[in-house]
Amino acid sequence: MRQDSLVIVAPNGARRGKQDHPALPVTPDEIALEVEACVEAGAAMVHLHARDAEGGHSLEVADNEAVLEAVCKRVPQKDVVIQLTTEAVGIYQPPQQMALVRALQPEAASFAIKELIPTERDEETAEGFFRWAASAGVISQFIVYSADDLLRYVDLVERGVLPKNKHHLLFVLGRYHNKQQSELSDLEPFLALTDRLGDVRWAVCAFGQQEQACLLAATQAGGDVRVGFENNLLRPDGSLANNNSEQVSELADKIAQQGRKVLTAQELRAMPLFLS
């Protein structure tokens, strides 16, 4: 079992705004300041959602480029792996999602398998895109919401639709529960299948107040974790967290207390799976 864990932070998401928490970052400058604080607190990867001029979710190239530029000006690139989302939010389709990544070629990008490869008819296009992404040095994070999603991922890799290198997995807990509240038991169906993943690293994110408990269970099982306001605004006691960096710092401290190493961005990049 791995004795290290990557801490990813998702500071804003696609749906929340200042009405949900005044410290939720929306503009490029706000996002860059939050990324800087979170990296100092222990995050080595950041999952970014750009917003349009009205604060809405955006996969437009110009909006995402503005966020990338702001973050890169604020934070040394060696210190953080920047991951762009391709989340559809009912607005975008696979051609637009793939076009964003082709245009900007970020170091990393996340993709929900059910969005990018909804049917078998989409597999040929997806295979070409993801092989291009790996060759271009983009770390693809494949998002799965259930054990069935994870089994489909395994099948796609075994059949060569998805490449075996330059990728990572994210298990999402609680997305479809009542009020989007995760529970520790949500992790069990995923853990039952991790022996089929080989050397691929996997991470967990969890909605709601049980976020930290779920994430610490994941690290104990050898996983990476994603924390932040996209999934949860609360401390374990139910009070409102001050900001994302507070969540990162507390989680990193508790991972260290488990006797595990919190990975840096440079250590992640040096792993064989992520080398080009």
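The structure has zero disulfides, a disulfide being a pair of cysteine sulfur atoms within 2.5 Å. The model is a predicted one, in which local features need pLDDT of at least 70 and side-chain atom pairs count only at pLDDT 80 or more, while totals for chains, interfaces and linings use all residues. Residues are numbered from 1 along each chain as its sequence is written, and side-chain values use heavy atoms, without hydrogens and water.

For Cys72, the closest cysteine sulfur belongs to Cys38 and lies 16 Å away, which is too far for a bond. Cys72 is partly exposed, at 30% relative accessible area; buried is under 20%, exposed over 50% and partly exposed in between, with a 1.4 Å probe and protein chains only. The sulfur of Cys205 has its closest cysteine sulfur in Cys214, at 10 Å, again too far for a bond. Cys205 is buried, with a relative accessible area of 1%.

## Helices α3 and α5

Helix α3 covers residues 94–104 and helix α5 residues 123–135; their axes come within 11 Å and cross at roughly 20 degrees. Therefore α3 is roughly parallel to α5 (angles under 35 degrees count as roughly parallel). The crossing of α3 past α5 is left-handed.

## Residues between the helices

On the α3 side, Met98, Val101 and Arg102 meet Thr125, Gly128, Phe129 and Trp132 of α5, where contact means heavy atoms within 4.5 Å. Sorted by class, this contact of α3 with α5 has four nonpolar, two polar and one charged residues.

How values were computed:
Axes are lines fitted to C-alpha atoms, for helices over the stretch in contact, and angles run from 0 to 180 degrees between N-to-C directions. Helices (H or I, at least four residues) and strands (E, at least two) are DSSP runs, numbered from the N terminus. Angles under 35 degrees count as roughly parallel, over 145 as roughly antiparallel, 65 to 115 as roughly perpendicular and the rest as oblique. A crossing is left-handed if the near helix is turned anticlockwise from the far one by less than a right angle, and right-handed if clockwise. Ala, Val, Leu, Ile, Met, Phe, Trp, Tyr, Cys and Pro count as nonpolar, Asp, Glu, Lys and Arg as charged, and the others, Gly among them, as polar.
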